[in-house]
Amino acid sequence: MFKHEVGAFILRITLGVLFFLHGLDKFQGGIENTVGWFDSIGIPGFMAYVVAIIELVGGLALIIGFGTKIISALFALVMIGAMIKVKFAVGIFGNGQMAGYELDIAFLAMAVYLLINGSKLFSVHHFIFSKEEDVKISK
């Protein structure tokens, strides 16, 4: 059981850091550029803010282990949306101008694993709620 928790911890931290960095990049690179790009591909521009905030805040939440299953579900939806709306057209390995969806598949698989299994090791959520869950189990 401990090996599974260590593996989930590694996935949680890795996915959290990578999404955090993607969200940070959207804001540092000028979120208005992302808004314009979203508009140009037929996605309402305000969704750029939604995605960037999910990535930034969700990434931090995963790193500290808070709301892992909920955040993972949001990340899975973001990845599915990215693949369907943008990446499928360029193929799995890209077209020389844009990356393909191979990395999106890896992120999606990691998010789905965490959605199904969670991650308790060094998790703020587990620290806060473990006593409450233990009481429910013992009743």
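At 32% relative accessibility, Tyr 49 counts as partly exposed, that is, between the buried class (under 20% relative accessible area) and the exposed class (over 50%), using a 1.4 Å probe on protein chains only. I start there and work outwards.

A word on the source. This is a predicted model, where local features need pLDDT of at least 70 and side-chain atom pairs count only at pLDDT 80 or more, while totals for chains, interfaces and linings use all residues. Residues are numbered from 1 along each chain as its sequence is written, and side-chain values use heavy atoms, with hydrogens and water left out.

Back to Tyr 49, which lies in helix α3. Helices here are DSSP runs of H or I with at least four residues, strands are runs of E with at least two, and both are numbered from the N terminus. Tyr 49 touches Phe 27, Ile 31, Glu 32 and Val 35, leaving aside residues up to four places away in sequence; a contact means heavy atoms within 4.5 Å. With Glu 32 there is also a side-chain polar contact of 2.5 Å. By polar contact I mean a pair of N or O atoms within 3.5 Å; within protein, one must be able to donate a hydrogen and the other to accept it, and residues adjacent in sequence count only if both atoms are side-chain atoms.

Now the whole chain. The protein chain has 6 helices and 0 strands. Its C-alpha trace spans about 55 × 25 × 25 Å along the principal axes. Of its 139 residues, 35% count as buried.

How many salt bridges does the structure hold? There are 2 salt bridges, each being a side-chain nitrogen of Lys or Arg within 4 Å of a carboxyl oxygen of Asp or Glu. In one of them, the side chains of Glu 55 and Lys 26 meet at 2.8 Å, N to O. Glu 55 is in helix α3 and Lys 26 in helix α1, so this pair ties together parts 29 residues apart in sequence. Glu 55 is buried at 4% relative accessibility, and Lys 26 is buried at 17%.

Lys 87 forms a salt bridge with Asp 104, with the closest N and O atoms 3.2 Å apart. Lys 87 belongs to helix α4 and Asp 104 to helix α5, so the pair ties together parts 17 residues apart in sequence. Lys 87 counts as buried at 16%, as does Asp 104 at 7%.

Some of these residues come back at the largest pocket. That pocket is lined by 30 residues, and Lys 26, Trp 37, Glu 55, Ala 82 and Lys 87 lie nearest its centre. Helix α4 gives the most to the lining, with 9 residues. A pocket is an open set of points on a 1 Å grid over the protein atoms alone, where a 1.4 Å probe fits, with protein on both sides within 12 Å along at least five of seven lines; lining residues have an atom within 4 Å of a point.

Last, Arg 12 and Phe 122. Arg 12 is found in helix α1, residues 2-28. A polar contact of 2.9 Å joins its side chain to that of Ser 119. Among the residues that Arg 12 touches is Phe 122. Phe 122 lies in the loop between α5 and α6. Is Phe 122 buried or exposed? Phe 122 is exposed, with a relative accessible area of 65%. Phe 122 also has a positive phi of about 55°, although it is not a glycine.
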